[in-house]
Amino acid sequence: MKPGNRKGRPNYPVEFKRRLAAAACEAGVSVSKLAMANEVNANMVFKWRREFRAGLFDDAPPQTTTKLLPVVLADAPVEVASDVAAAQPTSVTASVMVEIIIADAVVRVHGGADAALLRTIFQSLRA
């Protein structure tokens with residue numbers, strides 16, 4: 001690390017930024033924990049990750065391999081349970097989660113979400 005041009009503002013090497021940004025792009029990585037382990041501010045790692053994804057580091061290719069697919073939600077027939085126990089979600093339904101990542105926005109939808117909620121989420125993301 002080179003000393004910065006102002007007190008308290010270090011200039012981190014590009015390779016260090018690239019390594020942390022690439023690690024922050026991996027699934028399941030906590031950016032906050034990554035930043036603490038490397039003694040940098042988490043906001044810096046988020047910024048470096050954004051720059052890395054945009055291809056702003058020297059030889060890092062822009063990460064444009066993600067493609068958005070059209071999603072069509074059809075209204076499903078609603079079944080009315082005859083008793084309260086039958087209306088409880090099963091463990092399979094409760095453990096279902098959909099994660100939508102667009103740029104730096106992450107939307108997680110857990111099991112039990114109805115079609116109207118999903119439609120609202122997708123319309124908000126499209127806007």
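Colleague: What makes the pair N41 and N43 a polar contact at the start of α3?

Modeller: A polar contact is a pair of N or O atoms within 3.5 Å; within protein, one must be able to donate a hydrogen and the other to accept it, and residues adjacent in sequence count only if both atoms are side-chain atoms. Here a side-chain oxygen of N41 comes to within 2.7 Å of the backbone nitrogen of N43. Residues are numbered from 1 along each chain as its sequence is written, and side-chain values use heavy atoms, leaving out hydrogens and water.

Colleague: Which residues of α3 are buried?

Modeller: Buried means under 20% relative accessible area (1.4 Å probe, protein chains only). In α3 these are A42, V45, W48, R49 and F52. They cover an arc of only 115 degrees around the axis, which puts them on the same side of α3.

Colleague: What do they pack against?

Modeller: Against α1 (14-25) and α2 (31-37). Contact means heavy atoms within 4.5 Å.

Colleague: Where is confidence lowest in the chain, and where highest?

Modeller: pLDDT is the predictor's confidence in each residue, from 0 to 100. Helix α4 (residues 84-87) is lowest, at a mean of 48, and α2 is highest, at 94. Where pLDDT is low, the predicted coordinates should not be read in detail.

Key. Predicted model: local features only at pLDDT ≥ 70, side-chain atom pairs only at ≥ 80, totals over all residues. Buried < 20%, exposed > 50% of the residue type's maximum accessible area, 1.4 Å probe, protein only. Helix = DSSP H or I, 4+ residues; strand = E, 2+ residues; numbered from the N terminus. Arc of directions from axis to C-beta.
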